[in-house]
Amino acid sequence: MDPISQAEAAAEYNPAIPEGTGYFASDSTLPFHAPDFARISEDDYIPAFEQGMEIQLAEVQAIIDNPAAPDFENTIVALEKSGAMLGRVASVFFQLTGTNTTDKLDEINTEISPRLSAHFDSITLNPELFARVKAVYDNRAAMTMTVEDARLLENTYRDMVQAGALLSEAEREQVKAINTQLSTLTTEFGQLARDAMADQPLIVDTREELAGLSDSDIQAAAALAAEKGHEGKYAIALQNTTQQPLLPVLENRATREKLFRLSHDRADGTYAVDTRDLIARIALLRAEKAALFGKPDWASYTMYDRMAKEPATALGFMEQMVPALAATQRREAAMLNEAIAADGGDFTVQPWDWYRYANKIKAEQYDLDEDAVMEYFVLENVLEDGIFHMAKELYGLTFERRTDLPVYHPDVWVYTVFEEDGSELGLFYFDPFQRPSKRGGAWMGNFVDQSHMTGNKPVIYNVLNIPKAPDGEVQLVSFDWVNTAFHEFGHAVHGMFADQRYESLSGTATARDFVEYPSQVHEMWATWPSVLSNYAKHYETGETIPAEMIERIEAAAKFNQGYDFGEVVEAALLDMKWHALSPDEARALVGNPEAVDAFERRSLTDLGLEIDLVPPRYRSTYFNHIFSSPAGYSAGYYSYLWTEMLDRDSREWFRQNGGLTRANGQHYRDTVLSRGGTMDYFEMFENFAGRQPDVQPMLEARGLTGSGEEAADSEVSDGELPAGSVEGS
Ligand SMILES: [Zn+2]
């Protein structure tokens, strides 16, 4: 086609895009396009998903068929705009399956999830679409673009390259074959790890062996034994972590050792299940896939969009903590040995004794009564006088409860959020209570993403799982949940202050090793004195919580970090070591289970860690986060530690600059909270703090420097992230 007729064809180009029907076909007509739950029925979802996919495929085809030469607007922006209806149905559907599900919704989820991933693969791996994206990308040096445009272009191109768009046909076939094998092997791993946990409870013959357990725990143990075919005996089910929650209360040391060994040695060939060869094969397939993309190892392949970017950065970050951590582990063990001797014990501490004695020392030293603490935390005060007060002091925000918008459950509260100048910023939904239809944990997400292109303001929800008080009783909240509520609200402001043109870069759409950082920072305000005195008031007397009570909570949270923090660092190191293997190194472990054992041990002991005293939170053979799905959290478990470094360093900045002030809040909003995923994260941090992140405040907070007298709490999520939401504690 000559240039003139091409221009004419482009001008006349008017592709036919099918129109959707039903509720999700267009934006909600409620304020802020809030979901109109009163008008949505369960029967709407499947047709809306199907139409949404069909429309997006037509939109993608229209980009490909466009007779005009590919440019940023007609290719990259057009692709960003595609799939609006699909986005609308997905954002409502996946929030409801998490918070208020039904059998029907679960069925739809099972049916639609694989279809959705196939749908997105068919776009990401479309060679004609990639040809246009690449043409725009290759011309980028000649284009004038905003920083955000440049980021969108780079992400679009990079995600397609990461999926295999630049590979030859033969290589793409190899990737597909590896993906299929990975899917099979990781599913098998997940099932075996589950079997090893579920099928091997501790069985004991007598009640005496379980001395220390409560009557209800004993009853549950008898019921489980009967269920497992051991009528008249007692059974204790294993939990997913290496440490087991009942170990501290079990008085019989032999029972403790049995329970611990069942947990620690599960799936490593000691009992019926052995996943050692499976994980070696998974590691090999991942290394081979990375090699097809020209990367030395899986971590290098998979970390392309992270803040840390390179495995060496994450490894170096963790390894520098090890000497102080190992010293803390040895010091804590010595302290526990003293406690054991004082108790008349003639043994030295083992992992199965650790928490029993650590908890005793903790109770004596800190004298914490969680029920007494709770009496100062009334849910409505925590939200409206604590969290909203913090938001006003830092950001000038105000909140107005509204009851005119439909909600998906009567226990959901809705607020309009206003800027300091009185203009509307967005909507905030707060869903605090545990219920059977809600999954565990806490998270944040968007019903509507902020975007200057669509003109939409953010509609955001926070979900918690606070046990609901009986009718007529004051709703009190544990201190852990108070902290989590501040954390989730940190995600919420990250979403509310989004100031992006494109949804895919908006708000919390940031790297996995960055997204938990703003939320963690907001936990600091839960115990900030002027915030506390505004909300932490006794439910009967109205007295403010005594400062010394908070000091004891904070001091107690710094206790036992050699173990609490150590087991997490060890798991994160194991994850990274497995995924820094070259294909040859991984191949040497296949078919050689003893070599797998040795590799795991060496990975940690070579660094000087005391893994016989403090084993990793998950051993490789049952590390579901990294081995139970094709990618999962592989080469990503360090993220919790990494964001904690950013968090602790930022707290230091706030303290040095006057703490809870409007100016500090504005600075944080301008440099971090309003930036979404539009720029390099190191640069973002430097804009905020005036320097690169420093690990020192985290080490100090954890007691991993100097005498190691101090240490602090940690947050670790045990679940994988659901699509489109941000997980908390
Ligand atoms: Zn979080």
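**Salt bridges and a helix crossing in close-up**

The structure, a predicted model, holds 39 salt bridges.

**View 1. Glu50 and Arg115 form a salt bridge.** Their side chains meet at 2.9 Å, N to O. Glu50 lies in helix H2 (residues 45-65) and Arg115 in helix H5 (residues 103-124), so the pair ties together parts that are 65 residues apart in sequence. Glu50 is partly exposed, at 34% relative accessibility. Arg115 is also partly exposed, at 32%.

**View 2. Asp138 and Lys134 pair within helix H6.** Their side chains meet in a salt bridge of 2.8 Å, N to O. The two residues are four apart in H6, which means a separation of about one helical turn. Asp138 counts as partly exposed at 48% relative accessibility. Lys134 counts as partly exposed at 28%.

**View 3. Glu209 and Lys258 form a salt bridge.** The N to O distance is 3.7 Å. Glu209 sits in the loop between strand S1 (202-204) and helix H9 (215-227), and Lys258 in helix H10 (residues 253-264), so the bridge ties together parts 49 residues apart in sequence. Glu209 is buried, with a relative accessible area of 17%. Lys258 is partly exposed, at 39% relative accessibility.

**View 4. A network of salt bridges links Asp265, Asp268, Glu600 and Arg619.**

**View 5. Helix H3 crosses helix H6.** The axes of H3 (residues 72-81) and H6 (residues 127-138) come within 9 Å and cross at roughly 120°. That makes H3 oblique to H6. The crossing is left-handed. From H3, Phe72, Asn74, Thr75, Ile76 and Leu79 meet Leu129, Arg132, Val133 and Val136 of H6. The contact residues divide into six nonpolar, two polar and one charged.

Terms used: Residues are numbered from 1 along each chain as its sequence is written. This is a predicted model: local features need pLDDT of at least 70, side-chain atom pairs count only at pLDDT 80 or more; totals for chains, interfaces and linings use all residues. Side-chain values use heavy atoms; hydrogens and water are left out. Axes are lines fitted to C-alpha atoms, for helices over the stretch in contact, and angles run from 0 to 180 degrees between N-to-C directions. Angles under 35 degrees count as roughly parallel, over 145 as roughly antiparallel, 65 to 115 as roughly perpendicular and the rest as oblique. A crossing is left-handed if the near helix is turned anticlockwise from the far one by less than a right angle, and right-handed if clockwise. Contact means heavy atoms within 4.5 Å. Ala, Val, Leu, Ile, Met, Phe, Trp, Tyr, Cys and Pro count as nonpolar, Asp, Glu, Lys and Arg as charged, and the others, Gly among them, as polar. A salt bridge is a side-chain nitrogen of Lys or Arg within 4 Å of a carboxyl oxygen of Asp or Glu. Buried means under 20% relative accessible area, exposed over 50%, partly exposed in between (1.4 Å probe, protein chains only).
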